[in-house]
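This report goes through selected features of one model. Please keep the sequence and the coordinates at hand while reading.

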Amino acid sequence: MQSKAFTRSSLIVVAVALLAVVSLSQVLFKGWRLDLTENNLYTLSDGTRNVLDKIEEPITLYFFYNREGAQGVPQLQTYATRVQEFLEEVALRGGDKLRLKLIAPEPFSTDEDRAVELGVQSVPLNDAGDNFYFGLAGTNSVDDVETIPFFQPSRESLLEYDVAKLIYALANPVKPKIGLLSTLDVGGQADPHSMQPTPAWMAFTQLGEFFEVVNLGTELERVDDEVELLILVHPVNLSQTTLYAIDQFVMGGGNALVFVDPYAESAAPRGMAAMAEGPGPNSNLEPLFGAWGLSLSGDVLGDGAAALQVQGPNGQAAYHIGMLGMDASHFDPDDVVTQGLDSMNFGYAGILSPTEAATTTFTPLVVSSDRAAPIPAFKVQPGTRPEQLMSGFSPSGETYSVAARVHGPASSAYGETPPEGIENPNHLSTSSAPINVIVMADTDMLTNRFWVQVQNFLGQQIASPFAGNGDFLVNAADNLLGSSDVIGIKSRAGYTRPFTRVEDMKRDADARFREHEERLQSKLRETERKLTELQNQSGEGNLLTLTPEQEAEIEGFRDEQLRTRKELREVRHSLNKDIDHLEASLKFVNVGLVPLVIVLIALLLGLRRKGGRA
């Protein structure tokens, strides 16, 4: 009896002590965090801390969230808590220069009017006029306003990026000016078929959030002095005057970001009219590339290890060695432009290499795997099927550069004097400072379908990136403009952890399946050819007469066909079984193993306690 009383009183003491410890810890350790996630997802990145540390004028953040509107949606409530905690973490780091106000707008209140005024999205809840708000607005000392209209749960991985971007824009109201020269309609155009305007490419919409992007057209006499960076996209058929203007801009210390392509799908002609009007699918920047110390091959890059899986015209999925998905292992980990990027996708990328007489330094930023090889560009046409590129493809064992940084002293592509017909008393025959140029041998990687999904939410365009192509553009522009803060922000923009071992197995299985399939197709073609020959030997009355030897030959082909088809099914079944088994094992280890271990430990402790009492 005394023992039971002692146990009961001990439990009360332990409970009171535990309550006291919890209460005390909430006071003493408020704001402390222990982030045990692999990528420190709940810790501010260096880029965000830099942005916050460089705030000079006060910034106020208004977080609009009425909890009642999220009732019945636990996922949204959980995410709202995560957003609020993150904003409080940001405000704590921002100190006196960053104020955070939490606002729960009531229906028909001044707070609701304020939310609408600042551009926060209202979501109607009922016919009575109640609205739900879950957005962020920020203002600076000169009353600039930046807004996240609605925190989309689908962008949770980009939460830090979105918030840091908003603060960066408020802290840096004067944006650097970028000059854009593009023969592709990156800014959108009128669709001649639907007569509706097509939106701008999301990569350049995103670029405009950080910088002032000015379209320079495609004919230049000189680059304006206010332009701090020149971006060239698919430079095709540029005049001598325009090339010279670019040459002198770079010789004078201006930086350039260049996107060229041996086969740009977005510019590929798809009809006779388009063939007459389009810019052409291949672009280069000679003679400037030669003067800068690099060259672009006329071939496209095929890479069996980085091939993306695409849907064929018959609905069958297949790996396409011209459509490449490269992860961080393909990127230069030491360059701030590619540092932190998880993945990028490419479509018929080109190959860059340094020239022998180069005076500059050529640093690869993105390289292929060693299961790659050049493919003649003439083999690529609109609608080229994966198996067409695979035919005759053999990896060379070498790696190839898709993107590169070129830095160092260089000479003008026009020597000691301007080209004929152009007068320039200030002609620069050599660079006034080491040139700084980044070249990407692909333009399709900038189109939406290679990196971002855009959805319409109550009239707002919501972009959900699935690759870092847009990040590369912003990182490269920011780096060439001399800042690295945005790069720090972007490095944590997305995170995906695909089962790379499973993907490798699928690629190997697909390659082996293709080999069997090619053999089968070859046998089928031979059988059909034999049958055609036999049909041409028809006898009287146009009836087919076959000799016993010919019938035996046909039967032999049919048997061979059946055997090969059966073998194919068995190979596919066996490989899929291995892949499914491995995938299931990995999912179990990643999802179910830890809870199971905890349960087993609890059971063991329970059994041990029971045994002790017995």
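Predicted model: local features only at pLDDT ≥ 70, side-chain atom pairs only at ≥ 80, totals over all residues.

## Packing of α3 against α5

Two packed helices are described by the angle between their axes and the distance between the axes. For helix α3 (residues 74-94) and helix α5 (residues 159-171), the axes come within 11 Å and cross at roughly 45°. Angles under 35 degrees count as roughly parallel and 65 to 115 as roughly perpendicular, with oblique covering what lies between these ranges, so α3 is oblique to α5. The crossing of α3 with α5 is right-handed.

On the α3 side, the contact is made by Tyr79, Arg82, Val83, Phe86, Leu87 and Val90, and on the α5 side by Leu159, Glu160, Val163 and Ile167. By class, these residues are 8 nonpolar, no polar and 2 charged.

Arg49, Leu52 and Asp53 of α2 make the contact with Val90, Arg93 and Gly94 of α3. The residues of this contact divide into 2 nonpolar, 1 polar and 3 charged.

With α5, the axis of α2 comes within 10 Å and crosses at roughly 25°. α2 and α5 are therefore roughly parallel to each other, and the crossing is left-handed. Thr48, Val51 and Leu52 in α2 meet Glu160, Ala164, Ile167 and Tyr168 in α5. Here the division is 5 nonpolar, 1 polar and 1 charged.

Leu52 of α2 is listed in the contact with α3 and in the contact with α5. Val90 of α3 is listed in the contact with α5 and in the contact with α2. Glu160 and Ile167 of α5 are listed in the contact with α3 and in the contact with α2.

The structure holds 8 salt bridges. One of them joins arginine 93 to aspartate 53, with the closest N and O atoms 2.9 Å apart.

## The three-stranded sheet

An open sheet is formed by 3 strands in the order β14-β15-β16, with antiparallel pairing. β14 (307-311) and β16 (343-347) are at the edges and have a single partner strand each, so one side of each is left without a neighbour in the sheet. On average, neighbouring strands are turned by 45° against each other, direction ignored.

The pairing of β14 with strand β15 (residues 317-327) is antiparallel and runs over 5 bridges. Within this pairing, alanine 307 has leucine 324 in β15 as its bridge partner.

## Two backbone features in loops

Most residues other than glycine have a negative phi, and most peptide bonds are trans. Asparagine 237 has a positive phi, near 55°, and is found in the loop between β10 (229-233) and α7 (240-251).

The peptide bond joining glutamate 286 and proline 287 is cis, with omega about 10°. Proline 287 is found in the loop between α8 (272-277) and α9 (288-292).

Terms used. Residues numbered from 1 in each chain as written. Heavy atoms only, no water. Pairing = 2+ DSSP bridges. Helix = DSSP H or I, 4+ residues; strand = E, 2+ residues; numbered from the N terminus. Axes fitted to C-alpha atoms, helices over the stretch in contact; angles between N-to-C directions. Parallel < 35°, antiparallel > 145°, perpendicular 65-115°, else oblique. Left-handed = near helix turned anticlockwise from the far one by under 90°. Contact = heavy atoms within 4.5 Å. Nonpolar A, V, L, I, M, F, W, Y, C, P; charged D, E, K, R; others polar. Salt bridge = Lys/Arg side-chain N within 4 Å of Asp/Glu carboxyl O.
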